[in-house]
Amino acid sequence: MDGRVYVLGGNASTLAFVSSLRPEKGQVTAYLVPVAWTPAGVTLGEGWQRVNIAADNIGGWVDSTFAPEDERAFVTPLRDLEMLVRVGWHAEVPETLGEAQLVNPEDVPEDVLDGLDRPLAMLTQCAVCRRMCVRDDFVWNERRLCAWDYHAAVFGKRGPWRSEPYEDRLFATLPRAAYVAPGLLGELDVTPVLAVAGLSEDKMRRLVNLAIEDGDGAAFMAVRTDEGMTVLRER
């Protein structure tokens, strides 16, 4: 068996796997990986936690840990797990995760498989809703937020909207976000009208202000993203 990781299950905040099913003192070791479900996809986190599970109750632990009340929860088939327990399957624990290392990729949701091949990130809990999120993707007023709460707080009615072009000094005060998620803007009555990247700072600033000047007094907001700048307009 080529894989080094057998996924036991997962939910909205955690992915659990084992790399050995050889009991030691009646227990096997599982690894809990933090997970963030974001508009940009699933991201797995650093800082794995080790837990010991009774070797004769792995299935029970999986069922109770990944309860079906969580809409993101999934568990792997017990018949495959029982077979691996019988043969005493063992592999070395990998330092990183990837789909190619999985023994059972067919049991893992597609979104999670995609996340396995992204770099691990530092995750944290959103300061508002406690949802797991990428630590520094969305920060507002020194609070780390998930994409949903950041979009609602910054791009909502109380956000820093303006109808006049930005003076140069104001570009240093733009809201900063890893990305703007168009799917979260509809309920806020906000539309992205311009996204620029790969240009010099001076050219991006000029394009931002041209978009605002052409807006007939509508309310706009420029946002600095990892790629460049995005201009939003209130409907």
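These are my notebook entries on a predicted model, taken one topic at a time.

**Entry 1. Helix α4**

I began with helix α4, which spans residues 147–154. I asked which of its residues are buried. I found A147, D149, Y150, H151 and V154 in that class. I then looked up what covers them, and the cover includes strand β9 (139–140) and strand β12 (220–224).

**Entry 2. Nonpolar cores**

Next I went to the largest nonpolar core, which has 36 residues. Which members touch the most others? I noted F155, Y166, V208 and L232. I also listed the elements that give two or more residues to this core: α4, β11 (190–197), α5, β12 and β13 (228–234). Of the elements, β12 gives the most, with four residues.

**Entry 3. Salt bridges**

I turned to charged pairs. Side chains of opposite charge can pair when their charged atoms come close. How many salt bridges are there? The count comes to ten. I looked at three of them in detail.

I took R224 and E201 to start with, whose side chains meet in a salt bridge at 2.9 Å, N to O. R224 lies in strand β12 and E201 in helix α5 (residues 201–213), so this pair ties together parts that are 23 residues apart in sequence. R224 is partly exposed at 22% relative accessible area, and E201 is partly exposed at 29%. I noted that the pair belongs to a network of salt bridges that links D168, E201, R205 and R224.

I then checked D202 and R206, which form a salt bridge with their closest N and O atoms 3.2 Å apart. These two residues are four apart in helix α5, which means that about one helical turn separates them. D202 is partly exposed, with a relative accessible area of 47%.

I ended with D136 and R144, a salt bridge in which the closest N and O atoms are 3.0 Å apart.

**Entry 4. The β3–β4 hairpin**

I looked up how strand β3 (residues 27–38) and strand β4 (residues 41–44) are joined, and found four bridges and an antiparallel run. The two strands form a hairpin with two residues between them. I asked which residue of β4 is the bridge partner of W37. The partner is V42.

**Entry 5. Positive phi**

I searched for backbone angles of note. Most residues other than glycine have a negative phi, and most peptide bonds are trans. I noted K25, which is not a glycine and has a positive phi near 55 degrees. Where does K25 lie? K25 sits in the loop between β2 (14–18) and β3. At 88% relative accessibility, K25 counts as exposed.

I also noted N141, again not a glycine, with a positive phi of about 50 degrees. N141 lies in the loop between β9 and β10 (143–144). I recorded N141 as exposed, with a relative accessible area of 61%.

**Entry 6. Cavities**

Rolling a probe the size of a water molecule over the atoms shows where empty space is left. I counted two cavities of 30 Å³ or more. The largest cavity holds about 40 Å³ of space.

Which residues line the largest cavity? I listed W37, T38, C133, V134, D137, F138, L145, C146, A147, W148 and Y179. The elements that give two or more residues to this lining are β3, β8 (132–134) and α4.

I cross-checked two of the lining residues against my earlier entries. W37 lines the largest cavity and is the bridge partner of V42. A147 is in the lining too, and is among the buried residues of α4.

Conventions. Residues are numbered from 1 along each chain as its sequence is written. This is a predicted model: local features need pLDDT of at least 70, side-chain atom pairs count only at pLDDT 80 or more; totals for chains, interfaces and linings use all residues. Side-chain values use heavy atoms; hydrogens and water are left out. Buried means under 20% relative accessible area, exposed over 50%, partly exposed in between (1.4 Å probe, protein chains only). Contact means heavy atoms within 4.5 Å. A salt bridge is a side-chain nitrogen of Lys or Arg within 4 Å of a carboxyl oxygen of Asp or Glu. A nonpolar core is a set of buried Ala, Val, Leu, Ile, Met, Phe, Trp, Tyr and Cys residues joined through side-chain atoms within 4.5 Å. Two strands pair if DSSP finds at least two bridges between them. On a 1 Å grid over the protein atoms alone, a cavity is a set of points where a 1.4 Å probe fits but cannot get out, and a pocket is an open set with protein on both sides within 12 Å along at least five of seven lines; lining residues have an atom within 4 Å of a point. Grid points are joined across faces, edges and corners, and a volume is the space filled by probe spheres set on the points.
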